[in-house]
Amino acid sequence: MASLQNDEIDVTADDQTKINAFSRANARFHELEDDIRNQKELKQNFEDAQQELMLGEGSAKLLIGEAYMDVTEDTANEFLEGQIERTQAELDRLSGELDSVRSLMSTLKGQLYARFGNNINLEEE
């Protein structure tokens, strides 16, 4: 009769901490991807508005709070340039954090697969 292999591996507190850390990092990774996608869309909207402003009549309206204010084309353009710069800075920050999270996930994935082999699945479905 063939002997049965026991594939169960004891999970230590350190293992569980790594699994939890990977799970949190994975959730943060997806949040960052969404944030980056939203920031890229916002930046594109500002760039589109800037293009429209160039085709305009020399004046524009800016939405400040709940009110529209008449401003010159130069003022609107300065505002849009500032928004584009801030959005790009946020994109850079988010991309840096995404790289850090990706690196952490890779490290944890290597450690967990080394410990558990095929008994753990850390891949996206």
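This is a short exchange about how terms are applied to one predicted model.

Mentor: Local features need pLDDT of at least 70, side-chain atom pairs count only at pLDDT 80 or more, and totals for chains, interfaces and linings use all residues. Residues are numbered from 1 along each chain as its sequence is written, and side-chain values use heavy atoms, with hydrogens and water left out.

Trainee: Why is Q83 called buried?

Mentor: Buried means under 20% relative accessible area, exposed over 50%, and partly exposed in between, with a 1.4 Å probe and protein chains only. Q83 has 18% relative accessibility, so Q83 counts as buried. Q83 is found in helix 2, residues 73–116. Helices are DSSP runs of H or I with at least four residues; strands are runs of E with at least two; both are numbered from the N terminus.

Trainee: What makes R115 a charge over the ring of F116?

Mentor: The rule asks for NZ of Lys or CZ of Arg within 6 Å of the ring centre and within 35 degrees of the ring normal. R115 lies over the face of F116, at 5.3 Å from the ring centre.

Trainee: How do you know that strand 1 and strand 2 pair?

Mentor: Pairing needs at least two bridges found by DSSP between the strands. Strand 1 (residues 59–64) and strand 2 (residues 67–72) have six bridges, in the antiparallel sense. L62 stands opposite M69, and L63 opposite Y68. The two strands form a hairpin with two residues between them, and G65 in the turn has a positive phi of about 70°.

Trainee: What makes a set of residues a nonpolar core?

Mentor: The members are buried Ala, Val, Leu, Ile, Met, Phe, Trp, Tyr and Cys residues, joined through side-chain atoms within 4.5 Å. The largest has 16 residues, and F22, V101, M105 and L112 have the most contacts inside it. Helix 1 (13–54) and helix 2 are the elements that give two or more residues to this core. Helix 2 supplies the largest share, eight residues. Apart from this core lies another, of eight residues, among them L53, L62, V71 and L80.
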